[in-house]
Amino acid sequence: MNFFLIFIFFTQINVIYQQNILPEHKRRHCKALQTLDIMEYALPMIRRILKEDSEKIRQEYEQVFTSLKGGFLFTCPEGWLYHDDNCYLFTTTKTTWQAARENCLSLNADLAEIINERDSYFVKSELQRIYNQEGVPKYSFYNLGGTDKANEGEWIWIRTGERIRFTNWASGEPNNVGRQEHYLTVGGTRHKWNDINHSGKCRAICQKSVGLRSVP
Ligand SMILES: [Ca+2]
């Protein structure tokens, strides 16, 4: 089911209604009401369809409606997740931090950054889903794009070189075991951060900006 076509259909119905049926004094207020009108017509149908095939449709609904902004459609490649104008890939292969970064770069992405509570909640939610639905052990960690390799204790995002401000360290971390833990990971039962060394192997989260194309 193509929700975008449904959206366009109701938009056209609404425009015809405004231009041909409404009296002039109401027409002037229609700009502001247009979105509400469209959603009033569309939501009952969307709800009915959601019940028919909830998970598949929910994903399509979120992909289209949460990313439809200002006449442009934001899209992520298949297998990537949309969040806040970025696409995220949670990899399944365990590698070192450096190999994980090279893999992300090869996908026109970089290791993911968690820069605020929204990002943190997004990652936490997806980790919980992976742990519960894909059988990944709850103590698993994922490489992120943070490092203090250049200057011990000065954590930066490798993509930009900017200092890491928002943090979500696990209790007692970063502990820099053996003075060799310079790479950022997230995970475990509490979805917190831990520093690991250059030979530690984890899954990884890649991140890149969304693709952008005009709505036809
Ligand atoms: Ca550590």
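Colleague: In strand 10, which residue is the bridge partner of Tyr142?

Modeller: Arg203 is the bridge partner of Tyr142 in strand 10. Note that this is a predicted model.

Colleague: What makes strand 6 and strand 10 a pair?

Modeller: Two strands pair if at least two bridges are found between them. Strand 6 and strand 10 (residues 203-209) have 2 bridges and run in the parallel sense, so they count as paired.

Colleague: How do you know that strand 6 pairs with strand 8?

Modeller: By the cut-off of at least two bridges. Strand 8 (residues 181-187) is joined to strand 6 by 4 bridges, and the two run antiparallel. Within strand 8, Val186 is the bridge partner of Tyr142.

Colleague: What joins strand 6 to strand 7?

Modeller: There are 2 bridges between strand 6 and strand 7 (residues 156-157), which run antiparallel. Trp157 in strand 7 is the bridge partner of Gly146.

Colleague: Why is strand 6 called largely enclosed?

Modeller: A residue is buried if 20 or more other C-beta atoms lie within 10 Å of its own. In strand 6 (residues 141-147), 7 of the 7 residues are buried, so the rest of the structure largely encloses this strand. Phe141, Asn143, Gly145 and Thr147 point one way, Tyr142, Leu144 and Gly146 the other way.

Colleague: Which residues touch the most other members of the largest nonpolar core?

Modeller: Among them are Tyr142, Leu144 and Cys206, in a core of 28 residues. Strand 4 (86-90) and strand 6 are among the elements that each supply at least two residues. Strand 4 gives the most, with 4 residues.

How values were computed:
Residues numbered from 1 in each chain as written. Predicted model: local features only at pLDDT ≥ 70, side-chain atom pairs only at ≥ 80, totals over all residues. Buried ≥ 20, exposed ≤ 12 C-beta atoms within 10 Å, placed from the backbone. Core = buried A, V, L, I, M, F, W, Y, C linked by C-beta atoms within 7 Å.
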